[in-house]
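Hi everyone, thanks for making time.

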Amino acid sequence: MKGFVDEMRAVAMKLHTKDQAREGEKESVDPPIAAWNPSVDGYLKFLVDSKVVFDTLESIVTTALHPSYGEFQKTGLERSEQLSKDLEWFKEEGYSIPEPSKPGIVYSSYLQQLAENDPPAFICHFYNIYFAHSAGGRIIGRKVAEKILNKKQLEFYKWEGSLSQLLQSARIKLNHVSSGWSREEKNHCLEETEKSFVYSEDIIRLILS
């Protein structure tokens, strides 16, 4: 039986480019990842702003302002601690860690606002951020590591246990939480997908800044 996550995925796929996913339908305005010329400074901005977003998501889920958020505690998909370790590694390598910049701060603030007032929209961002990082995010991490980090794999791209099992467990929880929503709430959640892409793409572009 198909659950609501299948609908979320279908909408997300329409917003992917062919470069990002085989089923992608959107025309890309950015150069393909293979043609990127990332810098360590740009990559650090991306990691710092990503950490702001994951810190926010994980703190919202931990405090569970809305009862349904409690379902997503300790999924094994959390990234905040791993990003702390990666930034520490860069510091030990002699790099200075930048302050968070506008894309991460703006997205964090938007997520906090949604979490308080609009659970279906917040859950849309939760799904897209974690699932995109486990897919396209890993491809970006690998390509950037090949170009500027001597292929070093950061903790950001490592999960304990089977990633596919962690994702499947999260899917079950997402289907369970959304099963209590009306059709209007489900549609509202799906409509938020485009915004989640726009915010995330602003952070990804920092790699090339």
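Okay, so let's start with the second largest pocket, whose lining is made by Glu58, Gly76, Glu78, Arg79, Ser80, Glu81, Gln82, Lys85, Glu155, Lys158, Trp159 and Glu160. Keep in mind that we're looking at a predicted model. Which helix gives the largest share of that lining? That's α3, residues 80-92, with 4 residues. By type, the lining splits into 8 charged residues, 3 polar and 1 nonpolar. As for volume, the pocket holds about 220 Å³ of space.

Now, on to the helices. For a packed pair, you describe things by the angle between the axes and the distance between them.

Take α5, residues 119-134, and α9, residues 193-204: their axes come within 9 Å and cross at roughly 50 degrees. That makes the pair oblique, and the crossing is right-handed. On the α5 side, the contact uses Cys124, His125, Asn128 and Ile129, and α9 brings in Thr193, Lys195, Ser196, Phe197, Tyr199 and Ser200. Sorted by type, that contact has 5 polar residues, 4 nonpolar and 1 charged.

Helix α5 also packs on α8, residues 183-191, at an angle of about 40 degrees, with the axes 8 Å apart. So α5 and α8 are oblique to each other too, and α5 passes α8 in a right-handed crossing. Here the touching residues are Pro120, Ala121 and Cys124 from α5, against Glu185, His188 and Cys189 from α8. That contact comes out as 4 nonpolar, 1 polar and 1 charged.

Key: Residues numbered from 1 in each chain as written. Predicted model: local features only at pLDDT ≥ 70, side-chain atom pairs only at ≥ 80, totals over all residues. Heavy atoms only, no water. Axes fitted to C-alpha atoms, helices over the stretch in contact; angles between N-to-C directions. Helix = DSSP H or I, 4+ residues; strand = E, 2+ residues; numbered from the N terminus. Parallel < 35°, antiparallel > 145°, perpendicular 65-115°, else oblique. Left-handed = near helix turned anticlockwise from the far one by under 90°. Contact = heavy atoms within 4.5 Å. Nonpolar A, V, L, I, M, F, W, Y, C, P; charged D, E, K, R; others polar. 1 Å grid on protein atoms, 1.4 Å probe; cavity = no way out; pocket = protein on both sides within 12 Å on 5 of 7 lines; lining within 4 Å. Points joined across faces, edges and corners; volume = space filled by probe spheres on them.
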